[in-house]
Amino acid sequence: MLVITRREGEEVVIGDPANPIGIVRIASVKGDRVRLALNFPRDVEVHRREVADQINAEKPSIAGKIRPASG
């Protein structure tokens, strides 16, 4: 895991700096709360961890159930 220290208003560029996948900006810091501004293409899914875990738990597992067509 990479840990980066940033101040309010500073950014982290994700991917190639010339053509980034996305940008994370520290929108505000108030006490122990940090607001992040995420700038990613609409086709990139971004979820809070608890939501991602819930999505994964609800998806039926298809691993091992796909078989090639006979013929």
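1. Arg-49 sits at 59% relative accessibility and so counts as exposed. The cut-offs are these: buried is under 20% relative accessible area, exposed is over 50%, and partly exposed lies in between, with a 1.4 Å probe and protein chains only.

2. A note on the basis. This is a predicted model, in which local features need pLDDT of at least 70, side-chain atom pairs count only at pLDDT 80 or more, and totals for chains, interfaces and linings use all residues. Residues are numbered from 1 along each chain as its sequence is written, and side-chain values use heavy atoms, with hydrogens and water left out.

3. Arg-49 has a salt-bridge partner in Asp-53, with 3.2 Å between the closest N and O atoms. A salt bridge here is a side-chain nitrogen of Lys or Arg within 4 Å of a carboxyl oxygen of Asp or Glu. Both residues belong to helix 1 (residues 49–58); they are 4 residues apart, so about one helical turn separates them. Asp-53 is partly exposed, at 39% relative accessibility. Helices (H or I, at least four residues) and strands (E, at least two) are DSSP runs, numbered from the N terminus.

4. The structure has 3 salt bridges. One of them joins Glu-50 and Arg-48, whose closest N and O atoms are 2.8 Å apart. Arg-48 is exposed, at 55% relative accessibility. Glu-50 is partly exposed, at 48%.

5. Glu-10 and Arg-6 also meet through their side chains in a salt bridge, at 3.5 Å from N to O. Glu-10 is partly exposed, at 26% relative accessibility. Arg-6 is partly exposed too, at 37%.

6. Now the strands. Strand 1 (residues 11–14) pairs with strand 2 in the antiparallel sense, over 4 bridges. Two strands pair if DSSP finds at least two bridges between them. Within this pairing, Ile-14 stands opposite Gly-22 of strand 2.

7. Strand 2 (residues 22–30) also pairs with strand 3, again antiparallel, over 7 bridges. Val-29 faces Val-34 of strand 3. Lys-30 stands opposite Arg-33 in strand 3. The two strands make a hairpin with 2 residues between them. In its turn, Gly-31 has a positive phi of about 65°.

8. How many of the 7 residues of strand 3 are buried? The count is 0, and strand 3 (residues 33–39) is hardly covered. As a general point, side chains in a regular strand alternate between the two faces of the sheet.
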